Amino acid sequence: MSSESVRIESLKQHVGQDVTIEGWLYNRRSGGKLEFLQVRDGSGVVQCVASKAELPEEVFTRCGAATQECAVRVRGAVREDRRAPSGVELTLKDLEIVSESRDYPITPKEHGTPFLLDHRHLWIRSQRQHAILRIRHTLVDACRRFLNDEGFINADAPIFTPNACEGTTTLFETEYFDEKAYLTQSGQLYNEATAAAFGRSYCFGPTFRAEKSKTRRHLIEFWMVEPEIAYATLDDVMVWIERFVEAIVARVIEERRPELAILGRDIAALERVRVPFPRISYDEATRRLKEKGLPFEWGTDFGGTDETVLTEGFDRPFFVHRFPAAIKAFYMKRDPADDRLSLSCDLLAPEGYGEIVGGGEREDDYDTLVERIREHQLPMEAFEWYLDLRRYGSVPHSGFGMGIERALTWICGVEHLREAIPFPRLLNRLRP
Ligand code: 4AD
Ligand code: MG
């Protein structure tokens with residue numbers, strides 16, 4: 001942005017002045033002697049009104065010929081306008097076409113999702129997508145701020161890893177010179193090391209799952225924020241999770257009301273996201289699903305429909321805790337009260353969304369952990385460093401991971417995770 005131009009989001013401070021805006025033409029409507037140009041610059045959209053009577057003929061003609069998404073530099077006088085979403089309008093005085101845009105593929109008419117995904121690099125300019133990604137920005141910032149304010153140290157985990165964290169079925173294998181490496185599924189194992197170093201730590205980065213499932217809840221590459229807390233039990237971590245989710249939702253409501261309005265999000269539903277969140281056991285969840293006539297069996301994991309049905313009857317996120325150990329990862333600590341169960345928890349978002357957080361207490365006993373690694377048929381040598389954490393000052397510790405796109409999809413009230421990340425990686429989609 002050049003020094004003399006003004007961003008649309010700060011136009012309100014320039015009422016009565018002449019300003020220059022550098023952006024793109026979002027849309028245009030002709031009204032005979034007037035042209036209404038919707039100009040966007042990434043920070044907002046402002047209507048610029050060009051009047052045939054008041055402009056040199058060549059400027060008015062240029063306005064009437066400007067095409068969707070051509071790059072423009074406009075100069076005009078800022079006028080207050082209470083009806084306008086930005087609160088202001090521009091009386092256009094000059095328009096320069098910085099560069100052309102011919103036959104822009106995404107027109108105001110309806111397009112199918114495959115077409116829009118093929119044009120994701122352009123689709124993100126559209127108002128809805130733009131709003132979602134701005135909320136994503138605030139959500140990410142809110143996660144970091146909450147944790148930083150609580151004394152967590154951000155210590156990111158590597159992306160190339162020698163071992164599996166979340167089971168071997170969804171591992172992406174790659175070459176690492178003359179060794180095999182895997183793309184990380186979760187930074188958790190490294191977080192356990194950093195939590196022992198810093199007490200409270202978190203990693204925040206992309207994670208990868210070779211999920212063969214094609215659902216609205218699964219991405220191949222997604223972002224996860226994963227806090228880990230030394231000396232925390234399952235009960236403690238559930239309190240951390242609910243406080244965290246309450247805080248980040250509150251920040252989004254506070255800072256992104258206009259974007260939530262563009263999406264038509266029911267803000268009252270988000271305002272109900274207040275601690276404490278209800279807690280039900282896996283056993284209780286099983287009972288509820290059976291009562292509702294679902295063919296769910298104790299000992300299996302919830303499918304998408306099970307989660308959706310479970311969310312009925314809750315007006316805010318809720319925990320399901322103590323899943324069967326057999327369906328959880330090797331590092332989960334067993335419930336001392338019932339060895340079939342693990343000290344695990346998921347947080348499910350209401351309104352049918354389902355799991356947004358997974359977490360729990362980690363096995364902290366050396367011998368037990370060795371046994372679990374064997375049971376899960378994982379290569380012991382790859383976990384030697386991890387076992388060190390149980391050799392040298394092992395303590396109870398717990399943590400969780402929240403998928404950013406899962407949380408964002410729910411907060412925005414959108415249907416599918418593919419809209420919650422700038423460039424989604426899906427089962428059949430590696431491009432653009
Ligand atoms: O439940 P998950 O698999 O848990 C872990 O990875 C733990 N190691 C985290 C931890 O305790 N540090 O994944 C955590 C979250 C899920 O609740 C979900 O929000 C998200 O990651 N997630 C996905 N998001 C998008 N696409 C996928 N394929 C996802 N798989 C998990
Ligand atoms: Mg999970």
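Residues are classed here as nonpolar (Ala, Val, Leu, Ile, Met, Phe, Trp, Tyr, Cys and Pro), charged (Asp, Glu, Lys and Arg) or polar (the others, Gly among them). By these classes, the shell around ligand 1 has eight nonpolar, eight polar and eight charged residues. The structure is a predicted model, in which local features need pLDDT of at least 70 and side-chain atom pairs count only at pLDDT 80 or more, while totals for chains, interfaces and linings use all residues. Residues are numbered from 1 along each chain as its sequence is written, chains are lettered from A and ligands numbered from 1 in the order in which they are written, and side-chain values use heavy atoms, with hydrogens and water left out.

Of the 24 residues around ligand 1, those that come nearest are Glu-166, Gln-188, Glu-226, Glu-355 and Ile-356, a residue being near a molecule if one of its heavy atoms lies within 4 Å of it. Polar contacts with the ligand (pairs of N or O atoms within 3.5 Å) involve both side chains and backbone: a nitrogen atom of ligand 1 is 2.6 Å from an N or O atom in the side chain of Glu-166, an oxygen atom of ligand 1 lies 2.9 Å from a polar side-chain atom of Arg-209, and a polar backbone atom of Ile-356 is 2.8 Å from an oxygen atom of the ligand. Of the 620 Å² of accessible area that ligand 1 has on its own, the protein covers 94% (Shrake-Rupley method, 1.4 Å probe). Strands E11 (221-230), E17 (354-361) and E18 (397-403) each give two or more residues to this shell, and E17 gives the most, with five; strands (E, at least two residues) and helices (H or I, at least four) are DSSP runs numbered from the N terminus.

Ligand 1 takes up the space of the largest pocket, where a pocket is an open set of points, on a 1 Å grid over the protein atoms alone, that fit a 1.4 Å probe and have protein on both sides within 12 Å along at least five of seven lines, with lining residues having an atom within 4 Å of a point. This pocket has a volume of about 1300 Å³ and is lined by 46 residues, of which Glu-166, Arg-209, Glu-211, Asp-301 and Glu-355 lie nearest its centre. Its lining divides into 18 nonpolar, 15 polar and 13 charged residues.

The second largest pocket holds about 790 Å³ of space. Helix H4 (127-149) is among the elements that supply at least two residues of its lining.

Definitions and conventions. A polar contact is a pair of N or O atoms within 3.5 Å; within protein, one must be able to donate a hydrogen and the other to accept it, and residues adjacent in sequence count only if both atoms are side-chain atoms. A molecule sits in a cavity or pocket if more than half of its atoms lie within 2 Å of its grid points. Grid points are joined across faces, edges and corners, and a volume is the space filled by probe spheres set on the points.
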